[in-house]
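This report describes the fold of two protein chains and the way in which their parts pack. Please consult the sequence and the model while reading.

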Amino acid sequence: MKKIVLCLFLFMQSVHAEIEVYQFTSPELELRYQALTEELRCLVCQNQNIADSHAELAQDLRRKVYEMLNSGKSNKEIIDYMTERYGDFVLYRPPFNARTIILWFTPVLALLIGALSFMSILNRRETNADERLSQNELARIKELLHLKSNKK
Amino acid sequence: MRLRFILPLMAFLVMVVFLGIGLKLDPHDVPSPLINKPAPAFTLPQLHQPQKTFSPADMKGKVWLLNVWASWCVSCRQEHVYLTEFARDSSIHLVGLNYKDEPAAAMQWLERLGNPYKISISDIDGMAGLDWGVYGVPETFVIDKQGIVRHKQTGPVDPIILQTIIKPLIEQLNRES
C-alpha cells in the first residue's frame with residue numbers, strides 16, 4: 001500500500017512539472033492569460049484547449065500568449081494573431097459568419113422541427129380522441145352514468 | 001399517412017449523407033488562413049552555417065517550397081525519399097525548415113538519408129513555425145515570386161501529391177510574372 005501511495009505521489013509530481021509556470025506582473029494579467037488559454041484550441045490534440053494540453057505546440061502557444069500579454073497586447077490582438085495563423089478552428093467559440101451559419105443555426109432549427117412535430121402529434125391525438133366516440137357512444141355513456149347516479 | 005413513413009426516412013437519409021461526408025473529412029486537415037497572404041517574415045540561422053541567416057525575402061522573384069521537418073518526426077522520414085526524388089530537378093527551390101530539433105541530430109539525419117534542400121534553416125524554439133501556423137510536421141508550403149503563400153500541404157507528401165498538385169502549381173506560378 002505504501003508503495004502504491006509513493007508511486008502515485010511521484011506520478012503526480014511529474015505531471016505537475018510538465019506545465020510551465022509563468023510569473024505575472026499583475027493578477028489581472030494572469031486572469032486574462034487563463035481565460036485566453038482556455039479559449040484557444042490545441043491543433044494537435046483537437047479536443048483540448050491549450051491550457052490543458054501537454055502537446056509541444058500547446059506549450060509554444062501558451063508561451064506566445066504570455067509574451068504577447070506582457071508586451072501589452074489586447075485580448076483581441078492575441079485572438080486575431082492566432083486566427084490569422086491557424087484559422088477560426090483555433091477558437092473554441094467560432095465567430096458568427098457566412099461559413100459558420102449552419103453551425104450556429106442547426107440547433108435552433110432542430111429544436112423548431114422537434115417542437116413542431118411534437119405539437120402536430122399532440123394535435124392529432126386530441127382530434128382522434130374526439131372522433132373515437134360516436135354520438136351513439138356518447139349517448140350510451142350518458143345513459144350509464146345516469147343509471148349509476150340513480151342507483152345511489 | 002405515407003408521409004409519416006417518408007419523412008423520417010428522408011431525415012435518416014440526410015443524416016447518412018452528412019455522416020458519410022464527415023467520415024471522409026480529415027479533422028487534422030485544417031485549412032490554412034495563410035493561403036494568398038504574404039509569407040510571414042523571419043530571420044533564422046542556416047543549419048550548416050549558423051553564422052549565415054536566411055529570410056523568406058531572400059527568395060523574392062523565385063517560386064519556392066518551404067518544407068517543415070524534424071529528425072524526430074516519423075512521417076518526415078516517410079516523405080523524405082519522395083522529396084529527394086522531386087528535388088533532383090534543379091529548377092525546384094526547396095528550402096528545409098528544421099523545426100524544434102537538435103541541429104546536430106538534423107545534420108546527421110541529412111547526412112545519412114541525403115539532403116534534398118538547397119538551403120536548410122533551423123527554428124530551434126519553433127517560433128517561426130508558429131508564425132507560419134505549423135501544427136504538425138511535415139508541412140510543405142508553396143510560395144510564389146511575390147512572396148505570397150499559394151498552397152499548403154499538411155502531412156507527408158507522396159508522389160501523387162507532388163505530381164498532380166505541387167508540380168503543376170509550380171509550373172503555373174513560374175509562368176506568372
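## Helices of chain A

The elements of chain A, read from the N terminus, run α-α-α-α-α-α. In total, chain A has 6 helices and 0 strands; helices (H or I, at least four residues) and strands (E, at least two) are DSSP runs, numbered from the N terminus. This is a predicted model, in which local features need pLDDT of at least 70 and side-chain atom pairs count only at pLDDT 80 or more, while totals for chains, interfaces and linings use all residues. Residues are numbered from 1 along each chain as its sequence is written, and chains are lettered from A and ligands numbered from 1 in the order in which they are written.

Of the 152 residues in chain A, 13% are buried (20 or more other C-beta atoms within 10 Å of a residue's own; exposed means 12 or fewer, and partly exposed lies in between; C-beta atoms are placed from the backbone).

## A helix pair in chain A

Two packed helices are described by the angle between their axes and the distance between the axes. Helix α2 (residues 27-39) and helix α3 (residues 56-70) of chain A pack at about 145°, with axes 10 Å apart. Axes are lines fitted to C-alpha atoms, for helices over the stretch in contact, and angles run from 0 to 180 degrees between N-to-C directions.

From α2(A), L29(A), R32(A), Y33(A), L36(A) and T37(A) meet R62(A), V65(A), Y66(A) and L69(A) of α3(A); contact requires C-beta atoms, placed from the backbone, within 7 Å. The residues of this contact of α2(A) with α3(A) divide into 6 nonpolar, 1 polar and 2 charged. Ala, Val, Leu, Ile, Met, Phe, Trp, Tyr, Cys and Pro count as nonpolar, Asp, Glu, Lys and Arg as charged, and the others, Gly among them, as polar.

## The sheet of chain B

Chain B holds an open sheet of 5 strands in the order β5-β4-β3-β6-β7, with mixed pairing. Strands β5 (119-123) and β7 of chain B stand at the edges with a single partner strand each, so one side of each is left without a neighbour in the sheet.

Strands β4 (residues 93-99) and β5 of chain B pair in the parallel sense over 5 bridges; pairing requires that DSSP finds at least two bridges between two strands. By contrast, β6 (residues 139-143) and β7 of chain B pair in the antiparallel sense over 5 bridges, and I143(B) has V149(B) in β7(B) as its bridge partner. These two strands, β6(B) and β7(B), form a hairpin with 5 residues between them. In strand β7 (residues 149-154) of chain B, 5 of the 6 residues are buried.

## Contact between the chains

The contact takes 13 residues from chain B and 13 residues from chain A. On the side of chain B that touches chain A, the residues divide into 7 nonpolar, 4 polar and 2 charged.

Technical notes
Two residues are in contact if their C-beta atoms, placed from the backbone, lie within 7 Å.
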